[in-house]
Structures are given as structure tokens and as C-alpha cells.
Amino acid sequence: MARPSITLKLATTLDGKIATAGGVSRWITGEAARSVVHELRGAHDAVLVGIETAIADDPELTVRLPNYEGYQPTRVVLDSRGRLPLNSKLAQTARIIPTWVVTTVDLPGEMLAAQVKAIKVPSRHQRVDLVAALDALSKAGIESLFVEGGGVIATAFLQAGLVDRLEWFRAPTIMGGDGRPVIGHLNVTDLGQMYRFDRLAVQTVGDDLWESYELS
Ligand SMILES: NC(=O)c1ccc[n+]([C@@H]2O[C@H](COP(=O)([O-])OP(=O)(O)OC[C@H]3O[C@@H](n4cnc5c(N)ncnc54)[C@H](OP(=O)(O)O)[C@@H]3O)[C@@H](O)[C@H]2O)c1
């Protein structure tokens, strides 16, 4: 079965930072860019984040736009060790909007009682095996996936060759070397090893720039 098509969304400063060293990222980009992100969420079957983002930001990952009453994508958290807090917004709203935790362990009964769906997959290097995760998502009917970070997840998807499209929002700010980089080490030692994308569109949204790319 084909894996879902994967769009990686990133919101960074000009110097490619996604959060302060302490993990504060709200808000790197402005309201107009965030509205576009909500529209993009609504155009995908599922939205995915890493567990550190789920813990740090306690996001809802819903489509929240004026007068929007449409479809809400499934929320997916990659959480190898089952650390998603029961009192997180994601778990607390799982009865209303599908919330799936892709994990390598058994989730506590309270999570399942809150109607969080556990998708247990094998581990690879002590973490959720991405290929197995995508296979499970595909079998569960997810054809398009909107990956919203954070940096560790973005790096893992890139490194595994699992990014088809980039939606990159860039604020006119510079944070400096103290900030958290959007992409971690990719073991690039030669320019030919860089990951290359074709730019599809560039537009301004409020004070920010929105760039769309597809893998070359
Ligand atoms: N500006 C933006 O666009 C943006 C977007 C999102 C988040 N953020 C910020 O980014 C920060 C969090 O990002 P982060 O990079 O620290 O963490 P993250 O990418 O949100 O989550 C990383 C965690 O995901 C889990 N994971 C499960 N399977 C994995 C796999 N196959 N490969 C890699 N990780 C896997 C790992 O924890 P386990 O081993 O426990 O599973 C890993 O530590 C927060 O400060 C948040 O505010 C910014």
C-alpha cells in the first residue's frame, strides 16, 4: 500500500530557528501565516507532530478559521514511550476529533478510555519506526499527512526521504545561535548530498513569506 503523501510545514525566523533555547515558539510567524496553516490543515487527512511539541505547546491541531464548520483532520502524535499527558488538549478532545498516538508501548487504560487511539508499531533506534508508522496510517485510510514539526521530527522525515512537499513560513526576524534550529544534523559532507527542492510558489502573508517547494 502506498504511503501517504507528506507535506512538511515549518515556521522559522530568517536564520532558520523554530523556538528559543527554552522551547518558546508562540508565535514565530504572524496571524496571517497561521491562518494559512489552518487552511492547509483542512486540506490534509491528518496532521502530525512529535511528542515534544505536543508536550511543550499543548496544541489543538484543529482548523480554526472564521465561520469554518468543515472537516477536522485526524491528529497524530509520534510518541514512542506513551508520554502524551492525559490532561493535554489532544487527549481531552479525542472524543470529538480523532486523536491517534503512534507508539511502541501499550498506552495507559485512561488514554484509551479518553478515546485516544493507540497505533502500536515496531521501534527503530528506540523510536517509532517511521516507515511502519506511515504504513499503519495508510492502512487506517490516511492518504495525505501534514507534518507540523518540531525540529527532531522534521529532521527524521527528511533523513528518511519522507518529505514530498515543504510549506515554509519565514518571519522577518533573526533569533541567533541560541535558538533551536529547524533542521538538525543530516550528515551532509558534500554539497551534492544536500536535499534539493523545486520552488513552486512564493507569496507574502502579512509580514511573513510563504514558500512552497516540492522534492526535486
Ligand atoms: N516553529 C515551528 O514550526 C514549530 C513547530 C512545531 C514545534 N515547534 C517547537 O519545537 C519544539 C519541539 O520540537 P523538538 O524538535 O524538540 O521535538 P519534536 O520534533 O516535537 O518531537 C521529537 C520527539 O518525537 C519522538 N519521536 C517518535 N518517533 C520518532 C522518530 N522516528 N524520529 C524522531 N523522533 C521521534 C521522540 O520522542 P520519543 O523518543 O519519546 O518518542 C522525539 O524526541 C518546541 O519548542 C515547539 O514549540 C516549532
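Good morning. The largest nonpolar core of this protein has 34 residues, and those with the most contacts inside it are Leu48, Leu78, Val102, Leu137, Leu145 and Phe157. Please keep in mind that the model before you is predicted.

Which helix gives the most to this core? It is α5, spanning residues 130-139, with five residues. The buried residues of this helix are Leu130, Ala132, Ala133, Leu134, Leu137 and Ser138. Both ends of α5 deserve a brief look. At its start, a side-chain oxygen of aspartate 129 comes to within 3.0 Å of the backbone nitrogen of valine 131. Just after the helix, glycine 141 adopts a positive phi of about 100°.

Let us return to valine 102, which is among the core residues with the most contacts. If we leave aside neighbours within four places in sequence, valine 102 is in contact with Val76, Val77, Leu78, Asp79, Ser80, Ile119, Val121, Val128, Ala133 and Leu137. Two of these names, Ala133 and Leu137, also belong to the buried residues of α5. Another core lies apart from the one described so far; it has 23 residues, including Ala91, Ala94, Val116 and Phe169.

I turn now to leucine 8, in strand β1. Is leucine 8 buried or exposed? Leucine 8 counts as buried because its relative accessibility is 0%. Not counting residues up to four places away in sequence, leucine 8 touches Val147, Ala154, Val163, Arg165, Leu166 and Glu167. Leucine 8 and phenylalanine 157 are 149 residues apart in sequence, yet their C-alpha atoms are 8.5 Å apart in space.

Finally, the ligand. There are 29 residues around the ligand, and Ala11, Thr53, Asp57, Ser80 and Arg83 come nearest. With arginine 83 the side chain takes part: one of its N or O atoms is 2.8 Å from an oxygen atom of the ligand.

How much of the ligand's accessible area does the protein cover? On its own the ligand has 930 Å², of which the protein covers 92%. Of the elements, α2 gives the most, with five residues. Sorted by class, the shell has twelve nonpolar, eight polar and nine charged residues.

Thank you for your attention.

Definitions and conventions: Residues numbered from 1 in each chain as written. Predicted model: local features only at pLDDT ≥ 70, side-chain atom pairs only at ≥ 80, totals over all residues. Heavy atoms only, no water. Near = heavy atom within 4 Å. Polar contact = N/O pair within 3.5 Å; in protein donor to acceptor, adjacent residues only side chain to side chain. Areas by Shrake-Rupley, 256 points an atom, 1.4 Å probe, with all protein chains shown as cover. Helix = DSSP H or I, 4+ residues; strand = E, 2+ residues; numbered from the N terminus. Nonpolar A, V, L, I, M, F, W, Y, C, P; charged D, E, K, R; others polar. Core = buried A, V, L, I, M, F, W, Y, C linked by side-chain atoms within 4.5 Å. Buried < 20%, exposed > 50% of the residue type's maximum accessible area, 1.4 Å probe, protein only. Contact = heavy atoms within 4.5 Å.
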